[in-house]
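Have a look at the sequence and structure first.

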Amino acid sequence: MGAILDIIISFVVGGMLLLIILTANDIAAENHAIYNGDMLVQEMLISTAQIIEGELRNMGFGVAETVATILEADSSSFAFLTDLDRDGDPIDTVRYFIGPTSELAGTQNEADRLLHRQVNGAPSMQIGAVTLFKVNYITQGGDVLDRPVPVSDLSEIHTVEVTMEVQNPYAPMSMVGEQALFSSSLWQQTRLASQNSRR
Amino acid sequence: MSTGQTLLTIFAFVLLSTTLISFYRLMGATGDDISSGQDGILATTIATSYMEIAQGLAFDELTDTSNAAIGDPNELTLPNNLGYDNVNEDSIHNFNDFDDFDGFAFDKEAGATGRAYRTQFAVNYVDDDDVSEISNARTFVKRMDLKTWRIMPPTPRADTLNLSLVLGYFHFD
């Protein structure tokens, strides 16, 4: 009787151990997927942000004081003048805009879309995948302008605030369908429409 | 089950518990590191945004109000008077020169993340030959030191981002 009881207890204890180890293994695998996703979106965000950041830094470069730097100012697209090749003439027009979600229909995430960069009306270049690309236009007095900003008000834009969010195209393995949660990372930066406007 | 076997089982459980605790702690720490990566991104972009605005301002109150070239640094604002120049310069949108930021601290919420960051500013004249040295005399070079850290949600492990921006006086004739 004692031997049988020992075996039963051993089975129970062994079963508990097995359960604990399997659960820990599951949690480790899921967390690994989540953390890996988090890191991936941070890297994707930074690589896209570096392109935008570098370009917005030169917004209005080489543009005459009498000319408005921003040519188009909408909530998720904008175009501005800058001298990309630094030859003084002609001044280049750079446009950023987001494409439709159908461009990335093959991914699990339904909100991701491509961010495009277009120079002088040439075919656009895809510079990254984003789930949010929002642009605010702020006057010298700190007022946020309604979008799209009418052409007559474009010269009032003093700073441009770009907000960008990148989400993982795929959810962690145990989260599928409507329950899916995607890792995300946010970037927000304010840039001057013209570097010398207050100098 | 003999006493020896019972003790062995208890020891095995203690060992397993210790291993599991270490395992979950490590996983939590990894999560914190990933989260602090996002903090780093947001703190950097916020600080860079302030730096961008500061770079677009005049070097000094004097150079903002006068278009004449300044040849003598002693004409500039006294080191003790660096900071906002009048009561109207109480917000970033009303600043007109680089050192108006001195002594201010601004809070900014980062989008809809629920995170907020505080940035503290200090502006000083620095040695022309060594911008790491603060100068008690007026020079043609100023340095802005920014400290940015997360205030919301509060965290005991908040890292502070320290950045500096050096601006020299220049004038186009």
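In chain A, strands S4 (residues 113–119) and S5 (residues 125–130) run antiparallel and are joined by five bridges. Strands here are DSSP runs of E at least two residues long, helices are runs of H or I of at least four, and both are numbered from the N terminus; two strands pair if DSSP finds at least two bridges between them. A:Arg113 has A:Val130 in S5(A) as its bridge partner. S4(A) and S5(A) make a hairpin with five residues between them, and A:Asn120 in the turn has a positive phi of about 50 degrees.

A word on the source: this is a predicted model, where local features need pLDDT of at least 70 and side-chain atom pairs count only at pLDDT 80 or more, while totals for chains, interfaces and linings use all residues. Residues are numbered from 1 along each chain as its sequence is written, with chains lettered from A and ligands numbered from 1 in the order in which they are written.

On to the helices: H1 of chain A (residues 2–56) packs against H1 of chain B (residues 3–55) at an angle of about 10 degrees, with the axes 11 Å apart. That makes H1(A) and H1(B) roughly parallel (angles under 35 degrees).

Now chain B, which has two helices and four strands, in the order α-α-β-β-β-β from the N terminus.

| Chain B property | Value |
|---|---|
| Box filled by C-alpha atoms, along the principal axes | roughly 95 × 35 × 25 Å |
| Buried share of the 173 residues (20 or more other C-beta atoms, placed from the backbone, within 10 Å of a residue's own) | 26% |

Definitions and conventions. Buried ≥ 20, exposed ≤ 12 C-beta atoms within 10 Å, placed from the backbone. Axes fitted to C-alpha atoms, helices over the stretch in contact; angles between N-to-C directions. Parallel < 35°, antiparallel > 145°, perpendicular 65-115°, else oblique.
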